[in-house]
Amino acid sequence: MAATATGHASEGDFDRVLVVDFGAQYAQLIARRVREAHVFSEIVPRDISAEAVADRSPVGIILSGGPASVHETGAYGIDEAIFDLGIPVLGICYGHQVIASELGGTVERNDIAEYGPAELTVVGDSLMFSGLPDEQPVWMSHRDAVTEPPAGFTVTASTADSPVAAMEDAARGLFGVQFHPEVVHTPRGQELLKRFLFDACRARPTWTHAGIIEQSVAAVREEVGSGTVICGLSGGVDSSVAAALVHKAIGDQLVCVFVDHGLLRKGEAEQVEKTFRRTFAMNLIHVQAQDRFLEALEGVTDPERKRKIIGEMFIRVFEEVAAEVSDAAYLVQGTLYPDVIESGTKDAAKIKSHHNVGGLPEDMTLSLIEPLRDLFKDEVRAVGEELGLPEEIVWRQPFPGPGLAVRIIGDITEERLDILREADAIILDEVHRAGLYGELWQTFGVLPAIRTVGVQGDGRTYAYPLIVRAVTSDDAMTADWARLPHDVLASISSRVINEVPGINRVAYDVSPKPPATIEWE
């Protein structure tokens with residue numbers, strides 16, 4: 001029987017805003033902006049029913065933008081009964097057009113598209129623009145435009161090419177804006193979102209780091225009772241914060257399990273032992289499972305199979321440990337909201353299965369406790385700081401649960417693991433030396449299972465290339481390649497080629513996410 005995740009912070013007494021995703025590149029950004037105002041947000045699919053909305057008891061609903069046109073055959077719509085629930089609704093871009101189209105307004109194809117900056121003129125009094133300038137820059141991204149609002153709506157703002165750039169029916173709590181208030185290119189956008197959250201929705205700003213901890217601790221205690229809980233601990237920020245949070249809730253009922261699957265970076269196992277056994281004095285079981293994982297991965301090249309094999313192997317090890325530790329029935333994981341989204345839900349297409357979400361076996365016997373499942377990475381770091389975790393853990397760069405298995409493109413061998421470990425250590429050392437580690441989201445090496453021709457010592461070589469990947473990001477949902485100084489790249493290249501046998505070429509990945517992902521697999 002598949003386990004059910006429990007212990008979410010969002011299960012507590014937080015006001016909730018639903019972000020209906022119409023396929024927008026900015027849906028996650030809208031959710032983050034709402035949370036930055038200390039209100040909990042949740043992304044839901046576009047075909048959500050009014051009944052399902054009511055079951056979640058939100059204080060507000062935001063309809064995201066999207067790439068489609070309301071005039072296209074099969075265009076995305078929304079259950080019109082949602083507008084009659086008495087819950088305030090804000091439509092952004094495509095969501096603005098959906099409100100107009102569904103409620104009897106007019107949406108037309110513009111002769112001139114608006115992409116980029118535009119000057120917005122506020123018209124008359126309105127709830128949404130109260131206290132904001134009559135003239136302000138905004139960011140547009142659309143071809144269609146609302147030309148006539150539905151009955152009962154008042155036009156509250158316009159631009160040169162959008163006669164109804166904003167509208168509202170304050171009596172019904174319905175609002176629409178053609179521009180994107182969630183992006184930094186709309187300087188007063190966050191203020192406008194706060195007008196919706198606090199004036200229209202009457203939301204309480206209780207989604208704070210202290211509040212998240214308090215509610216998570218209460219949820220874990222209620223779920224677990226006096227039972228024993230094991231925690232899959234990797235030493236990364238996610239599992240470390242999850243462990244600290246659950247330890248705060250149940251103390252010695254928690255047993256941390258560190259599984260060395262043979263896919264770790266250089267010196268990583270020793271670091272985990274030192275931090276959690278000696279510094280935090282937590283109950284820690286160190287399982288040496290290198291041979292077991294490598295045997296299961298032998299000859300496997302497909303990245304999805306790698307993740308699923310590793311995910312299942314982790315669970316089997318945890319189940320074995322649980323049977324030896326007072327028959328523990330619960331497993332703590334450091335699953336985050338981006339993991340859930342990227343692994344494929346009804347809200348989003350699958351990008352890749354995360355080993356702790358899409359890679360979980362259906363017949364696992366442990367019930368999951370995932371106190372971070374509703375959090376973005378920056379929220380997790382803030383919670384970690386609030387819990388008193390040291391800076392070197394809280395601000396450690398993310399490392400995937402499948403480890404180096406998804407940084408070797410091809411089948412996994414001990415030789416390739418040894419080569420990549422040494423090269424990766426050099427990359428991190430040079431980045432630290434340059435004082436850039438804290439500025440980067442992730443920095444690592446990728447080893448494709450191919451060989452290239454080179455020349456060393458007047459002789460021909462036939463060895464592996466190494467790809468260096470360094471990105472900047474806020475939450476891993478989007479990322480840009482880092483502009484590392486040329487001298488840093490030169491030092492990395494020189495040291496790797498000279499110090500790591502088996503590599504004769506170094507390349508640098510300059511791909512943003514999207515269209516690429518941060519990891520190669």
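**Entry 1: cysteine 93.** I started with cysteine 93, which counts as buried because its relative accessibility is 4%, under the 20% cut-off. A reminder to myself: this is a predicted model.

Entry 2: Cysteine 93 takes part in no disulfide, and I found its nearest cysteine sulfur 20 Å away, in cysteine 201. I then turned to cysteine 256, whose closest cysteine sulfur belongs to cysteine 231. Those two sulfurs are 4.6 Å apart, so they are too far from each other for a bond; the cut-off here is 2.5 Å. Cysteine 256 is buried too, since its relative accessibility is 1%.

**Entry 3: the sheet.** I moved on to an open sheet of five strands and read off the order S12-S11-S10-S13-S14, with parallel pairing. Which strands stand at the edges? They are S12 (284-288) and S14 (367-369); each has a single partner strand, so one side of each lacks a neighbour in the sheet.

Entry 4: I took a look at S10 (residues 229-232) and S13 (residues 330-332), which pair in the parallel sense over three bridges. In one of these strands, S13, I found tyrosine 330 as the bridge partner of valine 229. What packs on this sheet? Helix H6 (residues 237-250) does, touching S10, S11 (254-260) and S13. I noted about 160° between the direction of H6 and that of S11.

Key:
Residues are numbered from 1 along each chain as its sequence is written. This is a predicted model: local features need pLDDT of at least 70, side-chain atom pairs count only at pLDDT 80 or more; totals for chains, interfaces and linings use all residues. Side-chain values use heavy atoms; hydrogens and water are left out. Two strands pair if DSSP finds at least two bridges between them. Helices (H or I, at least four residues) and strands (E, at least two) are DSSP runs, numbered from the N terminus. Contact means heavy atoms within 4.5 Å. Axes are lines fitted to C-alpha atoms, for helices over the stretch in contact, and angles run from 0 to 180 degrees between N-to-C directions. Buried means under 20% relative accessible area, exposed over 50%, partly exposed in between (1.4 Å probe, protein chains only).
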